Amino acid sequence: MPHIEIKTKKNIYPSEAKKIIAKETVIGVLTTGTISPDGKKLFDEAKIAWAENVPEKEFMESKDQEEG
């Protein structure tokens, strides 16, 4: 089943990118850290969307959302 990987690592290098690509079900990668230029290239070639430097608070529910 297609899914999005969320990583809280500081950096994603080609070795980690290759592991993610090998799963063959990942359609996107979000990380709170960075993705190396070569990692980005691998994701682009595998047609996997990616986003880096996503603030960790974007993954946390706010008190307002919990009450709503």
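This is a predicted model: local features need pLDDT of at least 70, side-chain atom pairs count only at pLDDT 80 or more; totals for chains, interfaces and linings use all residues.

Tutor: The axes of helix α1 (residues 14–22) and helix α2 (residues 37–45) come within 8 Å, and they cross at roughly 20 degrees.

Student: Is α1 roughly parallel or roughly antiparallel to α2?

Tutor: Take the crossing angle, roughly 20 degrees. Angles under 35 degrees count as roughly parallel. So α1 relative to α2 is roughly parallel.

Student: Is the crossing of α1 and α2 left-handed or right-handed?

Tutor: Two packed helices are described by the angle between their axes and the distance between the axes. Handedness is a further detail. For α1 and α2, the crossing is right-handed.

Student: Which residues of α2 make the contact?

Tutor: Start on the α1 side. There, Pro-14, Ala-17, Lys-18, Ile-20 and Ile-21 take part. On the α2 side, the contact is made by Asp-38, Gly-39, Leu-42 and Phe-43.

Student: How many nonpolar residues does the contact of α1 with α2 have?

Tutor: Sort the residues by class. The contact has 1 polar and 2 charged residues. Its nonpolar residues come to 6.

Student: In what order do the elements run from the N terminus on?

Tutor: Begin with the inventory. The protein has 3 helices and 5 strands. From the N terminus on, the order is β-β-α-β-β-α-β-α.

Student: Is Ser-36 buried or exposed?

Tutor: Ser-36 sits in the loop between β4 (34–35) and α2. Its relative accessible area is 11%. Buried means under 20%. So Ser-36 is buried.

Student: Which residues does Ser-36 touch, leaving out those up to four places away in sequence?

Tutor: Set aside the sequence neighbours, up to four places away. What Ser-36 then touches is Ile-12, Tyr-13 and Pro-14. Pro-14 also belongs to the α1 side of the helix contact.

Student: How does Thr-32 count by accessibility?

Tutor: Thr-32 is in the loop between β3 (26–31) and β4. Its relative accessibility is 22%. Buried needs under 20%, and exposed needs over 50%. Therefore Thr-32 counts as partly exposed.

Student: How far apart in space are Thr-32 and Asn-11, C-alpha to C-alpha?

Tutor: In sequence, Thr-32 and Asn-11 are 21 residues apart. In space, C-alpha to C-alpha, the distance is 8.5 Å.

Notes
Residues are numbered from 1 along each chain as its sequence is written. Side-chain values use heavy atoms; hydrogens and water are left out. Axes are lines fitted to C-alpha atoms, for helices over the stretch in contact, and angles run from 0 to 180 degrees between N-to-C directions. Helices (H or I, at least four residues) and strands (E, at least two) are DSSP runs, numbered from the N terminus. Angles under 35 degrees count as roughly parallel, over 145 as roughly antiparallel, 65 to 115 as roughly perpendicular and the rest as oblique. A crossing is left-handed if the near helix is turned anticlockwise from the far one by less than a right angle, and right-handed if clockwise. Contact means heavy atoms within 4.5 Å. Ala, Val, Leu, Ile, Met, Phe, Trp, Tyr, Cys and Pro count as nonpolar, Asp, Glu, Lys and Arg as charged, and the others, Gly among them, as polar. Buried means under 20% relative accessible area, exposed over 50%, partly exposed in between (1.4 Å probe, protein chains only).
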